[in-house]
Amino acid sequence: MNASTERLTWGQHVLDAVTHFQAGLAQPEPAAILIRHSVREPLLDMATADAVPLTPEGEEAARALGRRLPRARRLRVWHSPVGRCAMTAHRVAEGFREAGGAVDVDGVLPILGGPYVRDVAGMVRLVGTLGARYARAWFDGEVPDSVMAPRDQVARQIVGVVADLVAAAAPDALLVLVTHDWNVMLVRESILGITHEEVGWLDYLDGLLVTRAGDGVDVDWHGRAARVPATAR
């Protein structure tokens, strides 16, 4: 099995989505992938969560994904302000360059982090109390707006930023936006109606494919897609 056909440990679904999209084009069109960062060290305390880095396995997994993305594309890469997302972005870029691709790392995009957290201390307390159920509480509107902005508002903001980047991108561009599990999951649920209780927690390097569709975008996760018109953002 060669590098182009080897199954990835992480990120295979994203690679499959990009490859399928690429194969169906009569002429180049830009696309974006909004993905979770790669494999990280254990997160033991939400108060210090931003400092948790990738594992060596996570760094190599991100490089492996980069090596397999279509080299006919020019990569543009953005990431959350959090270090493990920056590490993921740079390792994906390294892998793409190793395979002979051209890439620009554009740097931090704040919406890929957590600018919607209005009360960090309050969020840390709630996560400490609720654990993994915190995501469901936020998605269901049980977290006060004074702590976190409402889910659908945040989803529209994220999709709006990604859609604007896709609309302005060159035809051969593949935009890689490295973010966190919560962000991908809330967009997936808000736009596609897919809950993590139904399909499981989002894997490392998994995420959404976003492509142009008229004046809006199509958002796809594992072949389940929905159109978001510009008027809905």
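Predicted model: local features only at pLDDT ≥ 70, side-chain atom pairs only at ≥ 80, totals over all residues.
## Helix α1

Helix α1 spans residues 12–23. It has 12 residues and reaches 16 Å from first C-alpha to last, close to the 16 Å expected at 1.5 Å a residue.

Six positions are listed by name as buried in α1: Q12, V14, L15, A17, V18 and F21. An α-helix has 3.6 residues a turn, so residues three or four places apart point the same way. The cover over the buried residues of α1 includes β1, α2, β4 (173–179) and β5 (207–213).

## Helix α2

Helix α2 runs over residues 56–68. Its 13 residues reach 19 Å from the first C-alpha to the last, close to the expected 18 Å.

The buried residues here are G58, A61, A62, A64, L65, G66 and R68. Among the elements covering them are α1, β1 (31–36) and α3 (83–98).

## Aromatic pairs

The model holds 5 aromatic pairs. In one of them, the ring centres of Y134 and W182 lie 5.3 Å apart and the planes meet at 35 degrees, so this pair is tilted. The pair links distant parts of the chain. Y134 sits in helix α5 (residues 133–139) and W182 in helix α7 (residues 181–192), 48 residues apart. Both residues are buried.

Y134 and W182 also belong to one aromatic cluster, together with Y116, W138 and F139.

## A charge over a ring

R188 lies over the face of W221. The distance to the ring centre is 4.6 Å.

Definitions and conventions: Residues numbered from 1 in each chain as written. Heavy atoms only, no water. Helix = DSSP H or I, 4+ residues; strand = E, 2+ residues; numbered from the N terminus. Expected span 1.5 Å × (residues − 1). Buried < 20%, exposed > 50% of the residue type's maximum accessible area, 1.4 Å probe, protein only. Contact = heavy atoms within 4.5 Å. Phe/Tyr/Trp six-rings, centres within 6.5 Å; stacked < 30°, edge-to-face > 60°. Lys NZ or Arg CZ within 6 Å of the ring centre and 35° of its normal.
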